[in-house]
Amino acid sequence: MTGATKLAETLVREHDLPDEGLAALIETRDGESRRILGEAAGALAREIYGRKVFIRGLIEFTNYCKNDCLYCGIRRGNRKAERYRLAEGEILGCCEEGYRLGFRTFVLQGGEDPYFTDGRLCAVTAAIRERFPDCAITLSCGERSRESYRRLKEAGADRYLLRHETASKAHYQKLHPPEMSWDNRVQCLFTLRELGYQVGCGMMVGSPYQKTEDLVADLRFIQKLRPHMVGIGPFLAHKDTPFRGQENGTVELTLYLLSIIRLMNPRVLLPATTALGTAMAGGREEGILHGANVIMPNLSPPSARDKYMLYDNKLRSGAEAAENIAALRENLRKIGYEIAVDRGDSLVEG
Ligand code: SAH
């Protein structure tokens, strides 16, 4: 038995390890430890959420962004990105289509677009809330003030996704320009939780300069925040960013971390992300088998899909497209899972 095997078995049993144990588990992973963690995490997810996968309809409502994150294809500095934003009516149209397809959660994701003032974003949120009272509304539009988050909640938003990107401040500074603040991002997450949102944090796997100790810090950060959801996916380079040509994160490490996160946070919602599906055909299904329980198909209008390019070759057709939900259902059926038509609330308390 290797060191990693032993550590994997301890994690399965105790749902935690000391920092050195987590680091060694990540560093020395082998076929056997991958198998042990993957199987145990898949079984734990089934024990808690059954063989059901929650779906969320992702509406990418703007790719204007005032930020300049070094990894991101819609960063302000990317002159080649063709910019768009959806009008309120178009966003509502996406929700209509989504509702018809069986979605009961809509995720409005976008760049940090100053056009979407509190007034405008609250109006869109309130319109969705009124038209779809039985649906959950998730926002994912970056760092805003406490007052803004409060007003959006009041307008009807239930959940907020804001990846912390990395729990190490020094690492954060290598991924972002100097005017961006790790402290503010982390503060936003705690504020959102305090305001009663169901929150999602998360990080890219294999982003440039990421070290094992940074991933251990991510795992500790997740324990401390106790988010309802954790979104992780491999870093994938975009050709028109400063990180062009950097090595991509791997599917293998992403699956391994999905399993570790499931084991450390049994009730958390864990999406098998688009980046995972982009990095490998069948990646999202593998994610489900390794402990994930959420998939977020794309509900954006086709014209927007081509422009919301966070990284090269981002999946936007096939079972990734919300309108092809039948294909997704079939892919999941093949691995013994089905789609749940409900809001899919987290079982994490508080
Ligand atoms: N503006 C919003 C939404 C950002 S896009 C916000 O700040 O939260 C959603 C996520 O895509 C980001 O949080 C980031 O983790 C991920 N992402 C961006 N560029 C990426 C890349 N090149 N590879 C992989 N994931 C990326």
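The UniProt entry for this protein, which is unreviewed, carries the annotation "domain: Radical SAM core" for residues 51–273. The structure you are looking at is a predicted model. Across residues 51–273, 39% of the chain is helix and 15% is strand.

Now let us turn to the ligand. Which residues are the closest to it? Of the 18 residues that surround the ligand, the closest are Y71, G110, R163, E165 and L236. Some neighbours can be described atom by atom. A nitrogen atom of the ligand lies 3.0 Å from a backbone N or O atom of Y71. R163 uses its side chain instead: an N or O atom there is 3.0 Å from an oxygen atom of the ligand. L310 also takes part, with a polar backbone atom 3.5 Å from a ligand nitrogen. On its own the ligand has 550 Å² of accessible area, and the protein covers 92% of this.

D113 sits in the loop that runs between β3 (105–110) and α5 (118–131). Is D113 buried or exposed? Its relative accessible area is 6%, and buried means under 20%, so D113 is buried. The side chain of D113 makes a polar contact of 2.8 Å with the side chain of R85. Leaving aside residues up to four places away in sequence, D113 touches T62, Y64 and R85.

E143 is the other one, and you can find it in the loop between β4 (136–140) and α6 (146–155). Because its relative accessibility is 16%, E143 counts as buried too. Its side chain is joined to that of N184 by a polar contact of 2.7 Å. Beyond residues up to four places away in sequence, E143 touches a list of residues that includes E112, Y149, Y172, N184 and C188.

Finally, follow the chain back to helix α2, which spans residues 19–27. The buried residues here are G21, L22, L25 and I26. Why do they lie on the same side of α2? They cover an arc of only 130° around the axis, so they share one side of the helix. What do these buried residues pack against? Their partners are α1 (3–14), α3 (31–49), α9 (212–225) and α10 (251–264).

Technical notes: Residues are numbered from 1 along each chain as its sequence is written. This is a predicted model: local features need pLDDT of at least 70, side-chain atom pairs count only at pLDDT 80 or more; totals for chains, interfaces and linings use all residues. Side-chain values use heavy atoms; hydrogens and water are left out. Helices (H or I, at least four residues) and strands (E, at least two) are DSSP runs, numbered from the N terminus. Buried means under 20% relative accessible area, exposed over 50%, partly exposed in between (1.4 Å probe, protein chains only). A polar contact is a pair of N or O atoms within 3.5 Å; within protein, one must be able to donate a hydrogen and the other to accept it, and residues adjacent in sequence count only if both atoms are side-chain atoms. Contact means heavy atoms within 4.5 Å. UniProt positions are given in the numbering used here, feature names are shortened, and annotations may be inferred rather than shown by experiment. A residue is near a molecule or strand if one of its heavy atoms lies within 4 Å of it. Accessible areas come from the Shrake-Rupley method with a 1.4 Å probe; for residues, only the protein chains shown count as cover. The arc is that of the directions from the helix axis to the C-beta atoms.
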